[in-house]
Amino acid sequence: MRRGRGGRRELLDSGLSFLDVISCGFGAVILLLIITKTVEPVVLEKSTAELEALLVKLQEELFDIRGETRVVNRELTDKRRQLEEALNRIAVLESDFSTLTAEYDTLRRRADTLETELARYADARQSLTEEMERLLGEDFSPRNQLAGGIPVDSEYIIFVIDSSPSMRQGAWRTVAERMQEALDLYPEVKGIQVMNDNGLYMFPQYRGQWIPDTPERRRSILSTLSGWAGSSNSSPVEGITEAIRTYWAPDKKISIYVLGDDFGTQGSVESVIDTVDRLNRADAEGQRRVRIHTIAFPVYMREPRNRTPSANRFATLMRELARRNGGTFVGVEEAL
């Protein structure tokens, strides 16, 4: 009987111990759940705030990137427009260059033809002179008086002088000498005028008027020439146009003397000739309103490396103008 009671007590003690263990484990689980539920909102709240801050930062960076993208797109558009304009300018320049090259080739061929014709004319003139001397005698002189091949039947004289730097530096002293020689061809005229290739007057107070021809006035013209420097574009067109439009009159015999070395503008020789033909038109007898003479200075011709197309253009233009307008083309051998 003692053994029986002792066994039940041991069994009862074992059961209680198991219940204690179960109770403790269940309590531990409940405690863990309580701790977890208490901490979790804090962690989630902190993570949400960090994500929102990161989102705001990314949005700001996105706005900055979009702004920079718009600036870059505008600059790219401007560069594309500039490139297109440059390409258009290049195309225009290439077209102009091709046109000028073709025009230059044409003028060069015409200049060669004119030089050949001039040489032929000189030979024919020499032969004619010899034949006239043989038939008419050495004392014969033509009715129309010439001085050095230049008709001197005019009553009024206009000098159109290229006052560009090339002329002033390379031919100015010779210009004065040739003007003196030209004036000497006319011992007395009714009026004189002097302007540069741009149509600017040496004596502005005589604009639109004739300078009286006196020995003092002639000396004044030559002395003023040494320090005269009017604005010039190396083209006689403006001066010739001003001279014809302002001074031509049906009761006056006028000669224009053009003194220059090159034709440096972009206008074509043909357009200048056409312009002068319209202004200096011929009458029923084929006589032009004014004579146009040329004295050409070889500023660009003395050395091969200094030769320019503009000098050839000037010679071609002025030879043709002199031929069409009853004048003479004279080339100066040296210019100083």
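Colleague: Which residues of helix 5 meet which residues of helix 6?

Modeller: On the helix 5 side they are V237, I240, T241, I244 and R245, and on the helix 6 side V272, V276 and L279; contact means heavy atoms within 4.5 Å. This is a predicted model, where local features need pLDDT of at least 70, side-chain atom pairs count only at pLDDT 80 or more, and totals for chains, interfaces and linings use all residues. Residues are numbered from 1 along each chain as its sequence is written, and side-chain values use heavy atoms, with hydrogens and water left out.

Colleague: Why are helix 5 and helix 6 called roughly parallel to each other?

Modeller: Helix 5 (residues 237-247) and helix 6 (residues 269-279) pack at about 5°, with their axes 10 Å apart. Axes are lines fitted to C-alpha atoms, for helices over the stretch in contact, and angles run from 0 to 180 degrees between N-to-C directions. Angles under 35 degrees count as roughly parallel, over 145 as roughly antiparallel, 65 to 115 as roughly perpendicular and the rest as oblique. The two helices are therefore roughly parallel.

Colleague: Where is S234, and what is its phi?

Modeller: S234 is in the loop between helix 4 and helix 5. Its phi is positive, about 55°, although S234 is not a glycine.

Colleague: Is S234 buried or exposed?

Modeller: Its relative accessible area is 11%, so S234 is buried. Buried means under 20%, exposed over 50%, and partly exposed in between (1.4 Å probe, protein chains only).

Colleague: What makes R217 partly exposed?

Modeller: R217 has 33% relative accessibility, which means that it counts as partly exposed. R217 is found in helix 4 (residues 215-225). Leaving aside neighbours within four places in sequence, R217 is in contact with Y206, I211 and P212. I192 is 25 residues from R217 in sequence, with 9.2 Å between their C-alpha atoms.

Colleague: Why does L58 count as partly exposed?

Modeller: L58 counts as partly exposed because its relative accessibility is 45%. L58 lies in helix 1 (residues 2-136). With L51 and L54, L58 makes a nonpolar surface patch of about 300 Å². Patch residues have over 30% relative accessible area and no salt bridge; like charges are joined within 9 Å, nonpolar side chains (Val, Leu, Ile, Met, Phe, Trp, Tyr) within 5 Å. A salt bridge is a side-chain nitrogen of Lys or Arg within 4 Å of a carboxyl oxygen of Asp or Glu.

Colleague: How many helices and strands does the chain have?

Modeller: There are 7 helices and 7 strands; helices (H or I, at least four residues) and strands (E, at least two) are DSSP runs, numbered from the N terminus. Of the 336 residues in the chain, 31% are buried.

Definitions and conventions. Accessible areas come from the Shrake-Rupley method with a 1.4 Å probe; for residues, only the protein chains shown count as cover.
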